[in-house]
Amino acid sequence: MNRTNHNVTPDLTLVEKRRGNPPGKLVISLKRKLDELTVLYEISQVIGSTLNCHEVFSDILGIFHSHLGMNRGTITLLDSLTGELKIKAAHGMTEEEVRRGKYLVGEGITGKVVETGEPAFVPQIGKEPLFLNRTRSRDPVKKSDISFICVPIKMGSSIYGTLSVDRLFNEDIAFEEDVRLLSIVASVIAQGLKIQQMIQDEKEQLLNENITLKEKLKERYSFYNIVGTSNRMTEVFQMIERIAQTEVTVLIRGESGTGKELVANAIHFNSSRAARPFLKLNCAALPETLIESELFGHEKGAFTGATEQRMGRFERANGGTLFLDEIGTLSLTAQAKLLRVLQEWEFERIGGHRTFRVDIRVIAATSKDLERSIEEGTFREDLYYRLNVFPIFMPPLRERKTDVLLLADCFIEKFNQKHKKDVRRISTPAIDMLMQYHWPGNVRELENCIERAVLLCIDRVIHRYHLPPTLQTGDQSGTIPLLSFEQAMESYEKELVIDALKNSGGNMAEAARLLKTTERIVSYSIKKLRIDPKSYRP
């Protein structure tokens, strides 16, 4: 710190010129150089071992003491909220002395260094009025024998605090070399603090984004957003509302495409576990050899291809919810292990011996007839009763026809945004087609139909010809049959008899066996339909 530029007292200088001493006194010995290199190496190793600099502050100060004899080393950091300088780490001070070490910017030597951003050296603290000794850690009798060095911890224009040490005053010590060494270390600390702050800022940003996304998910999967006003769907809503806040295991049943996963989402995001993990696993999507590993995890070397340890879904979803879709496809071995988890809430990884306990809620779903699977021996009865604590039945779309147009409107709005379209309505003929169709693929099929129609639409109205051919009726497609029922039946009967005669070489008895009927009935049909069996003989 320069006295002329910063108005500091004469005894406070960057480099003590020590008038009257010969230049040879300032020569740094080889041992000093080796000590400096050792200090720099050890400190770089310590700082490089962690992303949290605060954890190694005490170690850094200890290195200064052990190699260079620097006492009462302190790292003081600036609190950005209060504007106060506080000691964050100290070597050779009691906890009480550390608590007393607080300064304002510009106050005392430490405050001046932060204010100016320049290092300071006090040869004898007993003769320097700016030295406050606020920690009261120096012996008043020996103050004249103590020198104080303080350097800023800064990077560019950002000043984080100070690094300071005490030295026993000696004319032979090159204090300017101490200032240089401390400045180098302070620069490394500043880099570590900057990286730590960047990581913290990124962590907070990700945390805020995570909270925002969870709120959006909760809003998106609110059961109020499940579309439906039919009586069957009203019952589903009531069931979700009753059990969402409980810990009960839920089994969602229904045909494929009815929205079972949507109900599982609604249950989780409206439960007390909403902020915890929500993991999903489609049991039908993985082969039997991998499903157990996916559920329970495995240890390294547990089987061929297990090159590393892996956590399973149960372990990763601990504290939250696990949704098991198409649970009726699980193998009997996997069913037995799943039953144990549901009974004891504990499991072992494949190839491991450590038992893991979990706090988890299980929601299962299936489109299979589990009762029939039990009779056939492909599904465990005891597992069925563990899962079927609270069943929810999702009605097929053909049983909730009043929801078809409501769903169609929601899908139009969704795909307008997705594909940047401006579809306004559905034409009356198209509405009739939607209402008359039996929807074997349920809501998923309706969604696909509407997306196709939105993409094909060019005049902001969905017409019947925008809908898939599967929805077209005979009247709308001009394919109404012209034959009467009796004529159509006779035509089909004639086709069957002729095909049988061709395969039997005109033998009526053999033709009757192929048709799984009597020769008398075949003979009657031949006469009625005026068929000549001889024409089919080889």
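Helix 18 and helix 20 sit oblique to each other. The model you are looking at is a predicted one. The axes of these two helices, residues 485–504 and residues 519–529, cross at roughly 120° and come within 10 Å. On the helix 18 side, the contact is made by E490, E493, K494, V497 and L501, and helix 20 brings S525, I526, K528 and L529.

### A second pair of helices

Now move to helix 14 (residues 404–419) and helix 16 (residues 442–456), whose axes are 9 Å apart and pack at an angle of about 50°. This pair, too, is oblique. Is the crossing left-handed or right-handed? Helix 14 passes helix 16 in a right-handed way. Helix 14 joins the contact through V404, L407, A408, F411, I412, K414, F415, N416, K418 and H419, while helix 16 contributes V443, L446, E447, I450, E451, V454 and L455. Here the residues divide into eleven nonpolar, two polar and four charged.

### The chain as a whole

How many helices and strands does the chain have? There are 20 helices and 17 strands. Of its 538 residues, 43% count as buried. If you take the contacts in the chain with a separation of 6 or more, 67% of them are between residues 24 or more positions apart.

### A mostly covered helix

Helix 5 spans residues 108–116, and seven of its nine residues are buried, so this helix is mostly covered. Which residues of helix 5 are buried? They are G108, I109, T110, G111, K112, V113 and V114. What do the buried residues of helix 5 pack against? Their partners are strand 1 (71–78), strand 2 (84–90), strand 3 (102–104), strand 4 (120–122), strand 5 (146–155) and strand 6 (158–168).

| Residue | Relative accessible area | Class |
|---|---|---|
| C150 | 0% | buried |
| C449 | 5% | buried |
| S293 | 4% | buried |
| N442 | 0% | buried |
| P287 | 41% | partly exposed |
| K516 | 79% | exposed |

Let's start with the cysteines. A disulfide is a covalent bond between the sulfur atoms of two cysteines. How many disulfides does a search of the whole structure find? The search turns up zero. C150 is buried at 0% relative accessible area, and C449 is buried at 5%.

Phi of N442 is positive, near 60°, in a residue other than glycine. N442 lies in helix 16 and is buried, with a relative accessible area of 0%. K516 also has a positive phi, near 55°, and is a residue other than glycine. Where is K516 placed? Look in the loop between helix 19 (508–514) and helix 20. With 79% relative accessibility, K516 counts as exposed.

P287 belongs to the loop between strand 8 (278–282) and helix 9 (288–296). P287 is partly exposed, because its relative accessible area of 41% falls between the 20% and 50% cut-offs. Although P287 and S331 are 44 residues apart in sequence, their C-alpha atoms are 9.7 Å apart in space. S293 is found in helix 9 itself and is buried, at 4% relative accessible area. What does S293 touch, leaving aside residues up to four places away in sequence? Its contacts are H298, F303, G312 and I350.

Terms used:
Residues numbered from 1 in each chain as written. Predicted model: local features only at pLDDT ≥ 70, side-chain atom pairs only at ≥ 80, totals over all residues. Heavy atoms only, no water. Axes fitted to C-alpha atoms, helices over the stretch in contact; angles between N-to-C directions. Helix = DSSP H or I, 4+ residues; strand = E, 2+ residues; numbered from the N terminus. Parallel < 35°, antiparallel > 145°, perpendicular 65-115°, else oblique. Left-handed = near helix turned anticlockwise from the far one by under 90°. Contact = heavy atoms within 4.5 Å. Nonpolar A, V, L, I, M, F, W, Y, C, P; charged D, E, K, R; others polar. Disulfide = S-S within 2.5 Å. Buried < 20%, exposed > 50% of the residue type's maximum accessible area, 1.4 Å probe, protein only.
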